[in-house]
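Here is a short briefing on helix packing, charged pairs and selected residues. Please keep the model open while reading.

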Amino acid sequence: MQTREELLNEINKILVEENAKAIKEDDLLISSELDSFGYAVLFITISDRYNDCCMNEYVNSIDFKTYKAKDLIDRIIQCS
């Protein structure tokens, strides 16, 4: 099991590879300035690595105005 810090580092690696900004655990995911294609890459990559934890049903339920990196980390831990 990875630590929260390791999961955040993995998320930030994906964000930076997709030309977005790295974020802290309490930051809103939208503060990364990730574009729509980058969101697709992020959630597909996370789903591939962690038991399909970010499939369409889950992603469609996200309120991006309030969704933080810690929410994604919690989801990954829940699915692991």
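**A buried charge without a partner**

Glu-18 is buried yet has no salt bridge. Its nearest side chain of opposite charge is that of Arg-49, 9.8 Å away. The model is predicted.

**Glu-18 and its surroundings**

- Glu-18 sits in the loop between helix 1 (4-17) and helix 2 (36-49).
- Residues up to four places away in sequence aside, Glu-18 touches Leu-34, Phe-37, Gly-38 and Val-41.
- Val-41 also belongs to the contact between helix 1 and helix 2, as described next.

**Helix 1 against helix 2**

- Helix 1 and helix 2 pack at an angle of about 140°. Their axes are 10 Å apart.
- The two helices, helix 1 and helix 2, are therefore oblique to each other. The cut-off matters here: over 145 degrees would count as roughly antiparallel.
- The crossing of helix 1 past helix 2 is right-handed.
- On the helix 1 side, the contact is made by Glu-10, Ile-11, Ile-14 and Leu-15. Helix 2 contributes Val-41, Leu-42, Thr-45, Ile-46 and Arg-49.

**Helix 1 against helix 4**

- Helix 1 and helix 4 pack at an angle of about 115°. The distance between their axes is 10 Å.
- Helix 1 and helix 4 are therefore roughly perpendicular to each other. The range for that term runs from 65 to 115 degrees.
- Helix 1 passes helix 4 in a right-handed crossing.
- From helix 1, the residues that meet helix 4 are Arg-4, Leu-7, Leu-8 and Ile-11.
- From helix 4, the residues are Ala-69, Lys-70, Leu-72, Ile-73, Asp-74, Ile-76 and Ile-77.
- Ile-11 is listed in the contact with helix 4, and Ile-11 is also listed in the contact with helix 2.

**Salt bridges**

- How many salt bridges does a search of the whole structure find? The search finds six. Three of them are described here, among them one between helix 1 and helix 4.
- Asp-74 pairs with Arg-4 in a salt bridge, with the closest N and O atoms 2.8 Å apart. Asp-74 is in helix 4 (residues 69-79) and Arg-4 is in helix 1, so this pair links distant parts of the chain, 70 residues apart.
- Asp-74 is partly exposed, at 37% relative accessible area. Arg-4 is also partly exposed, at 30% relative accessibility.
- Arg-4, Glu-25 and Asp-74 are linked in a network of salt bridges.
- Glu-10 forms a salt bridge with Arg-49, and the closest N and O atoms are 2.6 Å apart. Glu-10 lies in helix 1 and Arg-49 in helix 2, so the pair ties together parts 39 residues apart in sequence.
- Is Glu-10 buried or exposed? Glu-10 counts as buried, at 13% relative accessibility.
- Glu-33 forms a salt bridge with Lys-21, the closest N and O atoms being 3.0 Å apart. Both Glu-33 and Lys-21 are in the loop between helix 1 and helix 2, twelve residues apart.
- Glu-33 is exposed, with a relative accessible area of 54%. Lys-21 is partly exposed, at 45%.

**Leu-29 in the loop**

- Leu-29 is in the loop between helix 1 and helix 2.
- Leu-29 is buried, with a relative accessible area of 1%.
- Neighbours within four places in sequence aside, Leu-29 is in contact with Ile-23, Tyr-39, Leu-42, Phe-43, Phe-64, Tyr-67, Lys-68 and Ala-69.
- Leu-29 and Leu-15 are 14 residues apart in sequence. Their C-alpha atoms are 9.7 Å apart in space.

**Ser-80 after helix 4**

- Ser-80 lies in the segment after helix 4.
- Ser-80 is partly exposed, with a relative accessible area of 47%.
- Ser-80 touches Met-1, Tyr-50 and Asn-51, not counting residues up to four places away in sequence.
- Ser-80 and Thr-66 are 14 residues apart in sequence. From C-alpha to C-alpha, Ser-80 and Thr-66 are 23 Å apart in space.

Methods
Residues numbered from 1 in each chain as written. Predicted model: local features only at pLDDT ≥ 70, side-chain atom pairs only at ≥ 80, totals over all residues. Heavy atoms only, no water. Helix = DSSP H or I, 4+ residues; strand = E, 2+ residues; numbered from the N terminus. Buried < 20%, exposed > 50% of the residue type's maximum accessible area, 1.4 Å probe, protein only. Lys, Arg positive; Asp, Glu negative; His and termini not counted. Salt bridge = Lys/Arg side-chain N within 4 Å of Asp/Glu carboxyl O. Contact = heavy atoms within 4.5 Å. Axes fitted to C-alpha atoms, helices over the stretch in contact; angles between N-to-C directions. Parallel < 35°, antiparallel > 145°, perpendicular 65-115°, else oblique. Left-handed = near helix turned anticlockwise from the far one by under 90°.
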